[in-house]
Amino acid sequence: MDMNLGLRPEVRRLLDRVAAMVRDEIMPVEEEYHGEIGKGDRWAYTPRQAEILEGLKARARSEGLWNFWLTDSERGIGLSTVEYACFAEEMGKTPLGAEVFNCSAPDTGNMEVFERYGTEAMKERWLKPLLAGEIRSAYLMTEPDVASSDATNVAMSCVRDGEDYVLNGEKWWISGAGDPRCRVYITMVRTGGDDMPKHQRHSMIVVPAESMGIEILRPMQVYGHDDAPHGHMHLRFSDVRVPAENLLLGEGRGFEIAQGRLGPGRIHHCMRAIGQAEAALELMCRRSLDREAFGKPLAQLGANYDIIAECRMEIEMARLLCLKAAWYMDQGDARAAAPWISQIKVVAPRVALKVIDEAVQMHGGAGISQETPLARAWTHVRTLRLADGPDAVHRRQVARAELRRYTQEKV
Ligand SMILES: Cc1cc2nc3c(=O)[nH]c(=O)nc-3n(C[C@H](O)[C@H](O)[C@H](O)COP(=O)(O)OP(=O)(O)OC[C@H]3O[C@@H](n4cnc5c(N)ncnc54)[C@H](O)[C@@H]3O)c2cc1C
């Protein structure tokens, strides 16, 4: 039986429809969709791929299964973060899930930025087509030459010149910048000198993807995969000119924006990872019952009961922690929510990796092959231990919050 963690009945019904669409319509076409990649240009959508994706999106949208992530906005359907987290779990069960319902990263975080901090002109030009699922976007923070887990190191220069800003530098690991539909970059740049306080030296600026002077140097590979056509690109900016009004909020306010952007996104990533863990546990259980060795189903051999039980228990613990972090977000105090978000940002990928790995093991050689979605899921979740802050950075946040209870001094 499901424990009701605050889902209103009408939201529960909506969630059931999302779960049904994921199971009955999206999962069955994933293999065909991914099989299309590389037929021709890897960085374009084949007609069949576009047909699958756009067809699913159109259906979801026409059914009102769209933009669930807009939690505290009159543009959304008014889900709480706790409620949305349950949707993210369902969507996370399949790689295409989030995009079909227009809930994918990094667009949701970018849309949030446009909504909260964008001018009316930006909302018209970028937010509207993003909300309609017509274009995609990227978030540019990480740089090859600096330790970017400490974002105060971000060095891309952004210098005012008349009516424009001029940007120079490199960014890498820019997810989604390979997608031909990616039209806009929200970019973290350095605008202030060493005389400014550390957290007021940076700004966020909106850069149209087709701006002169932007070069895509290469796709970064994740364990040998380029994740085409989405991609995680290495970009070079050479004298890229952007109108001054594209600077969000004002010079020196980049960290203020980053704070608001990353919190909810981390919870979404974590719940999707839990969804992947659930999907892997289901595959593990089915395999362990269907296949026999030494005269018995695999489930009954060795420590496999214990393995299955441990996976179930860890998923449940991770989900509750994630919902608690989401609940803190819903209380409206981002500072109080931060250590909880950091806890789940460490725990959810760790649990999902363990469950997926055990599922791989139960499948034997098939587990690491293209036969199951497990290998792809493992590489994807492994990247989450780095993206949006490496584990160590989040553990540091958790420890600082813990120690703060015993001392007023900064630690
Ligand atoms: C698949 C993928 C997609 C990504 N997508 C994006 C994107 O769309 N946009 C974007 O801007 N970036 C993106 N990133 C980049 C990601 O956010 C960075 O890799 C991450 O922030 C770490 O920065 P770094 O790689 O420079 O590592 P570094 O800062 O060099 O850190 C390396 C290691 O140092 C150690 N370390 C750092 N700080 C501490 C500490 N306080 N205590 C102890 N140890 C520490 C940790 O072990 C850490 O992993 C993506 C990364 C991946 C892998």
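Leaving aside neighbours within four places in sequence, Leu247 is in contact (heavy atoms within 4.5 Å) with Tyr165, Ser203, Met204 and Ile205. Before we go on, please note that this is a predicted model, in which local features need pLDDT of at least 70 and side-chain atom pairs count only at pLDDT 80 or more, while totals for chains, interfaces and linings use all residues. Residues are numbered from 1 along each chain as its sequence is written, and side-chain values use heavy atoms, with hydrogens and water left out.

Back to Leu247. You will find Leu247 in the loop between β7 (232–243) and α7 (254–290); helices (H or I, at least four residues) and strands (E, at least two) are DSSP runs, numbered from the N terminus. Leu247 counts as buried because its relative accessibility is 12%; buried means under 20% relative accessible area, exposed over 50%, and partly exposed in between, with a 1.4 Å probe and protein chains only.

Now let us step back to the whole chain. Its secondary structure comes to 11 helices and nine strands. The C-alpha atoms fill a box of roughly 80 × 60 × 45 Å, taken along the principal axes. A compact globule of 411 residues would have a radius of gyration near 22 Å, and the chain agrees, with 22 Å; this radius is taken over C-alpha atoms, and the globule rule is 2.2 Å times the number of residues to the power 0.38. Buried residues make up 51% of the 411 residues. Among contacts between residues at least 6 apart in sequence, 73% join residues at least 24 apart.

What about the charges? The chain has 52 positive and 60 negative charges, and their mean positions are 3 Å apart. Here Lys and Arg count as positive and Asp and Glu as negative, while His and the chain ends are not counted; the place of a charge is NZ of Lys, CZ of Arg, CG of Asp or CD of Glu.

Next, look at the helices. In α3 (residues 81–91), 11 of the 11 residues are buried, among them Glu83, Glu89 and Glu90 as well as Val82 and Phe87. Further along, helix α7 holds Ser288, which is buried with a relative accessible area of 2%. Not counting residues up to four places away in sequence, Ser288 touches Pro297, Leu298, Ala299, Ile308 and Met362.

Just after α8, Gly332 takes a positive phi of about 85°.

Helix α9 has 29 residues and reaches 41 Å, close to the expected 42 Å. Just after α9, Gly364 takes a positive phi of about 60°.

Our last stop is Glu371, in the loop between α9 (334–362) and α10 (374–383). Is Glu371 buried or exposed? Glu371 is exposed, because its relative accessible area is 63%. Glu371 and Asp195 are 176 residues apart in sequence and 57 Å apart in space, C-alpha to C-alpha.

Technical notes:
Expected span 1.5 Å × (residues − 1).
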